[in-house]
Amino acid sequence: MQKFSTQTIRTWSILAVLVLLAACSSLKLAYNNGDTLLYWWLDNYVDFEDDQRAEVKKDIDNLFRWHRKTQLQDYIHVLQKAQRQLQGNPTPADLLADYNDVRARTQALLLKAAPDIADLALSLKPEQLEQMEKKFAKNNAEFRKKNMKGDKDDQNKYRYKKSMEQFELWFGNFSGEQKDIIRQASDARPLDNNIWLDERMRRQRNVLALARRIVEEKPPREQAIAQIQALIRDTFSRLDNSERKPFFDAYTNSTIELVHTVIRIATPEQKAHAHKRMQGWIQDFSALAAEAK
């Protein structure tokens, strides 16, 4: 069996770190336990076999050493930029540029990881693909349960609640008047969870179809890499070229307007709260990066 892909895990680590940023009050503590969390997260999708586990854990350990040395300083710069924007009242155009920057970074990272993703795909077994398919189905059922329950007002209310959890993490408490304004901006976003479910299932089908083809045909490594790169590019370009582009554009623009609204109505104390939280994360990242030297 080929070596489990370190770069593949690195790709997913970006998502893991972002989740930790949004959900954990002690970033440093969460990051220092991230190797264990990431292992179990990946295992839920692939169900590692006995002869894979030791190699996976070794690669995850290498991942976090790599991540400390090469990525944390970039996170610090991103947070410092956010602090400057917050002080200067960013425009929707500024926020759109930030979104496009993150999107471009994500695509570049995935394309860079394509050779190692190919190595992983070539090493998988059919039963591991079945586990991945089951995990996708479970995730989709959870999506339906949370996002598609009730009527339109219920779904808007749930979406607003999830947004407020993030805004309150950054800015602290909001007044009733502020919440009313934010709710209006939240509800102004297009609402069609059937589209989001269909899109996520489309991506899952494409991933599984390519993985099965690679497992069954065992193509040369370079061919597998090219196929994976094509899938990555197709996934990103779909936002700009699909029949649903008007919906995607409207949702992106209205979400940016929602964020802009929150920043615009935030009090100096709330902005100071956000600045302080970002500064705490900057200090945690700086300490973590220093430990890697």
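Is glutamate 142 buried, partly exposed or exposed? At 36% relative accessibility, glutamate 142 counts as partly exposed, where buried means under 20% relative accessible area, exposed over 50%, and partly exposed in between, with a 1.4 Å probe and protein chains only.

First, the basis of what I present. This is a predicted model, in which local features need pLDDT of at least 70 and side-chain atom pairs count only at pLDDT 80 or more, while totals for chains, interfaces and linings use all residues. Residues are numbered from 1 along each chain as its sequence is written, and side-chain values use heavy atoms, with hydrogens and water left out.

Let me begin with the overall architecture. The chain has 13 helices and 0 strands; here helices (H or I, at least four residues) and strands (E, at least two) are DSSP runs, numbered from the N terminus. Of the 293 residues in the chain, 44% are buried. Contact means heavy atoms within 4.5 Å. Among contacts between residues at least 6 apart in sequence, 84% join residues at least 24 apart.

I turn now to helix packing. Two packed helices are described by the angle between their axes and the distance between the axes. Helix H8, residues 152-171, packs against helix H13, residues 268-291, at an angle of about 85°, with the axes 6 Å apart. The axes are lines fitted to C-alpha atoms, for helices over the stretch in contact, and angles run from 0 to 180 degrees between N-to-C directions. H8 and H13 are therefore roughly perpendicular to each other; angles under 35 degrees count as roughly parallel, over 145 as roughly antiparallel, 65 to 115 as roughly perpendicular and the rest as oblique. On the H8 side, the contact is made by Glu168, Leu169, Trp170 and Phe171. H13 contributes Gln270, Lys271, His273, Ala274, Arg277, Met278 and Trp281. These contact residues divide into 6 nonpolar, 2 polar and 3 charged, where Ala, Val, Leu, Ile, Met, Phe, Trp, Tyr, Cys and Pro count as nonpolar, Asp, Glu, Lys and Arg as charged, and the others, Gly among them, as polar.

Next, the salt bridges. A salt bridge is a side-chain nitrogen of Lys or Arg within 4 Å of a carboxyl oxygen of Asp or Glu. By this rule the count comes to 16 salt bridges.

One of them joins arginine 103 and aspartate 240, at 2.8 Å from N to O. This pair links distant parts of the chain, with arginine 103 in helix H6 and aspartate 240 in helix H11, 137 residues apart. Arginine 103 is buried, at 18% relative accessibility, whereas aspartate 240 is partly exposed, at 35%.

Glutamate 142 now returns, in a salt bridge with lysine 146, their closest N and O atoms being 3.5 Å apart. The two residues are 4 apart in helix H7 and so are separated by about one helical turn. Lysine 146 is partly exposed, with a relative accessible area of 42%.

A further salt bridge, 3.5 Å from N to O, is formed by the side chains of arginine 183 and aspartate 153. Arginine 183 lies in helix H9 (residues 176-187) and aspartate 153 in helix H8, so the pair ties together parts that are 30 residues apart in sequence. Aspartate 153 is partly exposed, with a relative accessible area of 42%. Aspartate 153 and aspartate 187 are 34 residues apart in sequence, and their C-alpha atoms are 8.9 Å apart in space. Elsewhere, Asp198, Glu199, Arg238, Glu243 and Arg244 are linked in a network of salt bridges.

Leaving aside neighbours within four places in sequence, lysine 135 is in contact with Asn44 and Tyr45.

Finally, the backbone. Most residues other than glycine have a negative phi, and most peptide bonds are trans. Asparagine 89 has a positive phi, near 60°, and lies in the loop between helix H5 (72-88) and helix H6 (92-123). Lysine 218 also has a positive phi, near 45°, and lies in the loop between helix H10 (193-217) and helix H11 (221-241). Asparagine 89 is partly exposed at 45% relative accessible area, and lysine 218 is partly exposed at 43%.
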